[in-house]
Each structure stands twice: as C-alpha cells, then as structure tokens.
Amino acid sequence: MPLRLVPRLKPSPLALYGAPVLAIALTVAFGFLLFLGIGRDPWAALYAYFIAPVNSAFGLSEWLLAALPLALIGLGLAVGFRANIWNIGAEGQLVLGAIGGGAVALALWREGVPGTFVLVCIAGALAGMAWAAIPALLRTKFNANEILTSLMLIYVADQLLGWLVHGALRNPQGFGFPESRLFSPEALMPLLWPATRLHIGWLALPVAALAVWFLMNHMVAGFRLRVGGDAANAASYAGFSRNRMVWLSFLLTGGLAGLVGAMEVAGPVGQLLPKISPGYGFAAIIVAFLGRLNPVGVVLAAHLLALILIGGENVQMLGVPVAVAQLFQGVLLVTLLASDVLVRYRVVRVGRLGEGARG
C-alpha cells in the first residue's frame, strides 16, 4: 500500500536521538561500499576519516581549532534562524572582522603594546557588527530582502580585502606579494596548548554557547525571538518588534563572525592575505541546522563537520580522489539533514492515515 508522511504532534525521543545515529551509520555503510568500489581499502579510508585526525595531540588540537569558527558563527546564525531571520552573509562579516582586527594589529606593529590581541579581537567584532548592520538597516528601513543583501555583501567584502592587501595594507618589504606584514608577537593569540596552534580564543566557545543558551531560554529578547519564529502573527499581535529582532540577530552574528575573522588573522594565519576563510561562514549555516538551532547541538555539529573536513584531507593521502572525498562528505551531510524528516514526521500507510495522524 502507498505510504505517506504524517506530522508528529510531538517528536518521540527515539526519533530525536535515533535518527542522527541512523544517518551516520548509513553514511559509514555507504562509504564502505564506495571506497571498496573504487579499489581502496575501506577500513583504512574510514580510519583516515574518523580516527586519524584525532589520534595525536597535534591532530586533536587541529580538530578543535577547525571547529572553533564553525561553532561561533553557527551559534550566532542559530539565533537569527530561530526567528526566521536569514543572515546568509556571515562569510563577509568574517572578512570584515579580519580587516578590522588586522588594521589594528598593523597600526600597533611598532608599538609593542602588551595584550594587543585583545584590541584586535574587539576591533574585529565591531567591524563584523558594522558590516552586519548594513543588511539589517536595509531590511528594517527599506524592507530589502536580507538574504540577498547579506549574500551580495560577501563579494564586496572579498573585493575590499583584495584591494587592501594589494594596496594600503601591503607589506612594503613583501616583494610585491599581496599580503600584509607579519603581525607583532603582541598581536598574536597566545597559545592554549603548547607545541600546537590551538590558541586561547577557543575559550570563547563555551562562553558564547552559554550566553546564547541563556539568551534564548532565560531572557525576554530570546522569548520574543522564539515566538517570532514559531508564530509571527502572534508576535506581532503581542507587540513584539520585528525590527528589534532583526537588529539583535544580525549584530550578534556579525559580532561573532567578526571575532572569528580577527582570531583567524591573529592566530593560525598571522597576517592579512587575499583569502582568509575556507568558507567557514557558509559551512556554519549547515552547522546551525545540524545542531537543530540549539546551542549544545550547534557545538557538537561544529566538531562533527570539522572532523569531516579534516578527514577529507587525510583520506586523499591514500590516493582517494578529492571528488570522492567530497561525495562522502556530501552524503553524510544530506543524510544528517534528512534525519529531521524522521523527527518531525512518521511514515504510515495511506489506509491507516487516520490512525497515523493521531500519533
């Protein structure tokens, strides 16, 4: 008999926790068959994906370092998405954070001011907020679509960064290469884990996760955001300002994305380059939804996606083509996203629709 999806009145704990586990298990099975089909040892490939990246102190630190920007930006995006406010331009806000923080680091290059990295981070967060304020202003004053404006500003930010590293901020002793000076030691993020690249910026992650959780669950602003996302008409009837929600979500995301940009240039990169981010702002959108817009879930999803990204690089050392590695990553992401169907709906036969609708 034909089957049909029927909305659940309340997601069951089995569906809530079992669906992602099932999705990961199916993806691993798919990967096993995929690597076997292309003539590679599937056990070695899966080991390279999920175990090798974290089987050493350095590998573990790199995993945590890769998860940091995904989690911080994902936390900010989750707040806006919860209210159906769509900031797609976190990548551009990250770039502006890198520019703002880098400009401070270069301005104080000769000064040797202790703790310059703090000023770099503050400047980066403020620059990201300023860039995010543009689509927020266009949305609240002119009713412009925030998806389009925030997205288009990414390309403006990239061009601005390229213009600066080719011109005003280019290293005069850099033989014409499009890059800034190396930042002074005072402007670099102090290491959290010696002999690795993991810096103290990682400590911002639990603080940000706790702050977002408190905002969404114990503050009036968070309550308004939740109501605005679940029942926009009810929020309007109650007098909740939609414009305030837009400004709050955009400034929060812009600040976190700008902070990430500043920590990138003052941490692993150490200078301004034409390309700062490998796409953290876009990947964080996936992280926000994988984490079901929940702060704890976002942090866990960020670490999972970071493991996938690092594992995709490791598996190429086994001779696996990059396209196959990307295919495996894509299948994992699609199955994880599709698991939400099992959380929100149940499969019933058409003949039993009345019974299924009551479940």
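**Close-up 1. A nonpolar patch on the surface of the predicted model.** In this predicted model, the residues Leu 3, Leu 5, Leu 22, Leu 26, Val 341, Leu 342, Tyr 345 and Val 347 form a nonpolar patch on the surface, and together they have about 700 Å² of accessible area. At least two residues of the nonpolar patch come from each of strand 1 (3–7), helix 1 (13–37), helix 13 (322–344) and strand 2 (345–349).

**Close-up 2. Helix 7 and its buried face.** Helix 7, made up of residues 204–218, has 15 residues and reaches 20 Å from its first C-alpha to its last, which is close to the 21 Å expected at 1.5 Å a residue. Its buried residues are Leu 205, Ala 208, Ala 209, Val 212, Leu 215 and Met 216. Seen down the axis of helix 7, these buried residues fall within an arc of 130°, so they line one face of the helix. They pack against helix 3 (57–82), helix 8 (220–230), helix 10 (242–269) and helix 12 (295–315). On the face of helix 7 turned away from its buried side are the exposed residues Val 207 and Leu 210.

**Close-up 3. The salt bridge of Arg 197 and Glu 62.** Arg 197 forms a salt bridge with Glu 62, and the closest N and O atoms of the two are 2.7 Å apart. This pair links distant parts of the chain, since Arg 197 is in the loop between helix 6 (146–166) and helix 7, while Glu 62 is in helix 3, 135 residues apart. Arg 197 counts as partly exposed, at 38% relative accessibility, whereas Glu 62, with a relative accessible area of 17%, is buried.

**Close-up 4. The salt bridge of Arg 82 and Asp 230.** In this view Arg 82 forms a salt bridge with Asp 230, the closest N and O atoms being 2.9 Å apart. Here too the pair links distant parts of the chain, with Arg 82 in helix 3 and Asp 230 in helix 8, 148 residues apart. Arg 82 has a relative accessible area of 23% and is partly exposed, while Asp 230, at 57% relative accessibility, counts as exposed.

**Close-up 5. The salt bridge of Arg 139 and Glu 146.** The count of salt bridges comes to three, and one of them is formed by Arg 139 with Glu 146, whose closest N and O atoms are 2.9 Å apart. Arg 139 counts as partly exposed at 26% relative accessibility, but Glu 146, at 8% relative accessibility, counts as buried.

Conventions
Residues numbered from 1 in each chain as written. Predicted model: local features only at pLDDT ≥ 70, side-chain atom pairs only at ≥ 80, totals over all residues. Heavy atoms only, no water. Patch = residues over 30% accessible without salt bridge, like charges linked within 9 Å, V, L, I, M, F, W, Y side chains within 5 Å. Areas by Shrake-Rupley, 256 points an atom, 1.4 Å probe, with all protein chains shown as cover. Salt bridge = Lys/Arg side-chain N within 4 Å of Asp/Glu carboxyl O. Helix = DSSP H or I, 4+ residues; strand = E, 2+ residues; numbered from the N terminus. Expected span 1.5 Å × (residues − 1). Buried < 20%, exposed > 50% of the residue type's maximum accessible area, 1.4 Å probe, protein only. Arc of directions from axis to C-beta. Contact = heavy atoms within 4.5 Å.
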